[in-house]
Amino acid sequence: MKKTKWIAAAAIMAMLAAFAGCSGTVGNDDVVQNENNTQNESNNDNVNPADSNDNGENSGDVPEEDVVSIIPALSAMKIDGVDLEKTGEIQVMDREVTINGATNTNNDEGVFIEYRIVKLSPFIMGKYEVTQELYTTVMANQKVIINGVEKTLNAKPFVCIEEGTYPLVSGETQKLRAAEGMSWFDAVYFCNALTEKTMSASDKAYDITVTNVNANGNITSATVSLVEGAKGYRLPTEAEWEFAARGGDQSKADWNYTFSGADSAKDGKYFADANYGLDAVGWYIYNIQNGGKTNASKSAIAGKTGFGTHEVGLKAANRLGLYDMSGNVRELCYDCYGNMFSGGVTTGTEINPKGEENASFCVIRGGCWDETAFYSTVCVWERNFKGEYYRNIGFRVVRSAE
């Protein structure tokens, strides 16, 4: 049995137990070009991202005449006249790309499996996971009406706050920690709200009817459908997420790296709990309190500095210039499935796959600060009930580049 499956089965009991206690105009027009999109906005000297695409080519090897008219990626989001820190974007590709699936020898299966061909349209992705500041700015004073009753949504659902169990590391900034504590429904609502604040209501990517908001202010049920062709912000599909996490080019060595932007330690296996290879690019259970360095004999201690999320963008980026695609918080994807532990990825040719309609379990990718290294590998998937929320689940946003 694949490790993803039996680990997920073991994790379901922990998830159910945790559920009982869970609290549960884009600004600047500067274009972020491939040549400079690995620049670290936090000026971290340890960032050493790989080179950008040679000659502008990508895994699809699409002729130049097929390049579409591209909307530029932006260096910062501006809301209410203020440029928000660590909200820059990356243009992942500038034309349709075809990914021919192959067998992985040093990773889990992922979505680009053998005998599967996936075609993806051009898209733009956030360089960083959504920060607490961005989430709060967008969700402040957001209200919905359910059966004639007004409900206010929680703009600060975060568990990892500076006081108490999750003390901030010296030198990091609380508002720039990765946002967490939101459900899948909260995340898609956020995407629409962000679109309204930076574009217009007509650009929204989702049609949403909220049917329940709990006492904590989280959306726990809603009907959601994707607006085809919309320009607004949305969650990445699982295929988009994995394509970007693997560096966006099958011809490059890092497409087959264990982690996003870093390979496994020389003496490590991709399924190992502790892996020194992850230290360069991601936060996980064995390095969050050790200055970012793996200490396999010492797991994290609640209440000690470093326990919890970290400020986004402090580790190295991958070759596209994306940060924290491995570790920090698990990232929500749009795809949902009816089975929590299996199914969903099939052989054949698919164009912009999006999962199943009206299914209960959403895909989460990338691993997090309180999981082992295995979960931070670029091909491992997990799934979660769409209405649940945890201290280690966050997201980043994408939008169409056409």
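**Note on helices, cavities and a pocket in a predicted model**

1. The buried residues of α4 are E238, A239, E240, W241, E242, F243, A244 and A245. Buried means under 20% relative accessible area, exposed means over 50%, and partly exposed lies in between, with a 1.4 Å probe and protein chains only. Eight of the eight residues of α4 are buried, so this helix is largely enclosed by the rest of the structure. Just after α4, G247 has a positive phi of about 95 degrees. Helices (H or I, at least four residues) and strands (E, at least two) are DSSP runs, numbered from the N terminus.

2. The model is predicted: local features need pLDDT of at least 70, side-chain atom pairs count only at pLDDT 80 or more, and totals for chains, interfaces and linings use all residues. Residues are numbered from 1 along each chain as its sequence is written, and side-chain values use heavy atoms, with hydrogens and water left out.

3. Helix α2 is mostly covered, with seven of its eight residues buried. They are Q132, E133, L134, Y135, T136, V138 and M139. These buried residues pack against β1 (78-79) and α3, where contact means heavy atoms within 4.5 Å. N141 follows α2 and has a positive phi, near 65 degrees.

4. How do the axes of α2 and α3 cross? The axes of α2 (residues 132-139) and α3 (residues 184-198) come within 9 Å and cross at roughly 75 degrees. That makes α2 roughly perpendicular to α3. Axes are lines fitted to C-alpha atoms, for helices over the stretch in contact, and angles run from 0 to 180 degrees between N-to-C directions. Angles under 35 degrees count as roughly parallel, over 145 as roughly antiparallel, 65 to 115 as roughly perpendicular and the rest as oblique.

5. On the α2 side of this contact are L134, Y135, T137, V138 and M139, which meet D186, Y189, F190, A193, L194 and K197 in α3. The residues of the contact divide into eight nonpolar, one polar and two charged. Here Ala, Val, Leu, Ile, Met, Phe, Trp, Tyr, Cys and Pro count as nonpolar, Asp, Glu, Lys and Arg as charged, and the others, Gly among them, as polar.

6. V188 is also found in α3. Because its relative accessibility is 0%, V188 counts as buried. Leaving out residues up to four places away in sequence, V188 touches Y206, I208, V224 and L235. The C-alpha atoms of V188 and A205 are separated by 8.8 Å, and the two residues are 17 residues apart along the chain.

7. The largest cavity has a volume of about 60 Å³. On a 1 Å grid over the protein atoms alone, a cavity is a set of points where a 1.4 Å probe fits but cannot get out, and a pocket is an open set with protein on both sides within 12 Å along at least five of seven lines; lining residues have an atom within 4 Å of a point. Among the residues that line the largest cavity are M77, K86, Y128, L134 and V397.

8. The second largest cavity has a volume of about 40 Å³. Its lining includes V111, R116, E238, A239, D335 and Y337. Both α4 (238-245) and β11 (330-337) supply at least two residues of this lining.

9. The second largest pocket is lined by 16 residues, of which E228, G229, R234, N352 and S400 lie nearest its centre. By class, this lining has six nonpolar, five polar and five charged residues.

Definitions and conventions: Grid points are joined across faces, edges and corners, and a volume is the space filled by probe spheres set on the points.
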